[in-house]
Amino acid sequence: MKYGFIGCGNMASAILQGMLNGGISAPEDVLASAPSEETRNRVHEKFGVKTTKDNVEVSQESDVLFLAVKPNVLGGVIEEIRRFVSENTLIVSIVSSRTITDLEILFDGEEDSDRKLVRVMPNTPAMVGAGMSAVCSNSNVTEEELRMVLKIFRSFGSAELVPEKLFDAVTAVSGSSPAYAFLFLEALADGAVALGMPRKQAYVFAAQSLLGSAKMVLDTGMHPGELKDMVCSPGGTTIDAVRVLEEKGLRGAVMDAVIACGNKSKSM
């Protein structure tokens, strides 16, 4: 298998790191393009893969082609490469807010093209090997090819098949939610600082507690409410804190934020 990347930013680097660490690909089987010489040099030095400025070269040599560019330049990139991409090439797009139909029209000028198209929405924790990715495809992609894509994205976190109609919800619950988590983490640390803890130490305690709590949900399969109840002793400190969070409307605020994010995604 030959893998190509058009775009070598943070997310493409996370994918590449996972593939190499997981033994999915060897460096010599990867070709990546970027307009910046500085970026090309960084990627070559870090991963040992071949790099180029030529998007057409990448598209011609790839069995699996990752599109990892900004949405505003996607149209120009596809116009440049579309005549050189084989119909057997598996095209994997991580371009935000661009649907399978958008890709079909950009490549072939119409819906229901013969291209093998996969759309993936990862999130920024992919950069530390803890990403969450949603995957969907058009009908030209085989089950074996989908399994391969899932294996790639699971090499640096978790990945699930999700109907494309739910991708706005994915944006709200995983794509954007690291920002909500960072905000909550910062608030936790601020509270600890107000109680006298040094700020650097407060961030460590808050971050590790959130990490461990999330791991408990994933590893135990227990309902979050049940896990919360395990911490809330009768008449104790935690239930008093939970009471204040409920009075301040934490749940409603978070739900409203997720819905607002999803609705914004739909309108874009």
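**Note on the predicted model**

1. N138 counts as buried, because its relative accessibility is 9%, and the cut-off for buried is under 20%. This is a predicted model, so the value is computed from predicted coordinates.

2. Where does N138 sit in the fold? N138 is in the loop that links β7 (131–137) to α6 (143–154). Neighbours within four places in sequence set aside, N138 contacts I100, E104, R115, K116 and L117.

3. Now the sheet. Eight strands make up an open sheet with mixed pairing. The strand order is β3-β2-β1-β4-β5-β6-β7-β8. β3 (50–52) and β8 (157–161) are the edge strands, and each pairs on one side only. From one strand to the next, the twist averages 20°.

4. β1 (residues 3–6) and β2 (residues 30–33) run parallel and are joined by four bridges. Within this pairing, I6 is opposite S33 of β2. In general, strands of a sheet pair through backbone hydrogen bonds, parallel or antiparallel.

5. Next, the surface. F184, L188, L245, L250 and V254 form a nonpolar surface patch of about 370 Å². Which helices each supply at least two residues of the patch? They are α8 (177–194) and α12 (250–267).

6. L250 is one of the patch residues and lies in helix α12.

How values were computed: Residues are numbered from 1 along each chain as its sequence is written. This is a predicted model: local features need pLDDT of at least 70, side-chain atom pairs count only at pLDDT 80 or more; totals for chains, interfaces and linings use all residues. Side-chain values use heavy atoms; hydrogens and water are left out. Buried means under 20% relative accessible area, exposed over 50%, partly exposed in between (1.4 Å probe, protein chains only). Contact means heavy atoms within 4.5 Å. Patches are made of residues with over 30% relative accessible area and no salt bridge: like charges are joined within 9 Å, nonpolar side chains (Val, Leu, Ile, Met, Phe, Trp, Tyr) within 5 Å. Accessible areas come from the Shrake-Rupley method with a 1.4 Å probe; for residues, only the protein chains shown count as cover. A salt bridge is a side-chain nitrogen of Lys or Arg within 4 Å of a carboxyl oxygen of Asp or Glu. Two strands pair if DSSP finds at least two bridges between them. Axes are lines fitted to C-alpha atoms, for helices over the stretch in contact, and angles run from 0 to 180 degrees between N-to-C directions.
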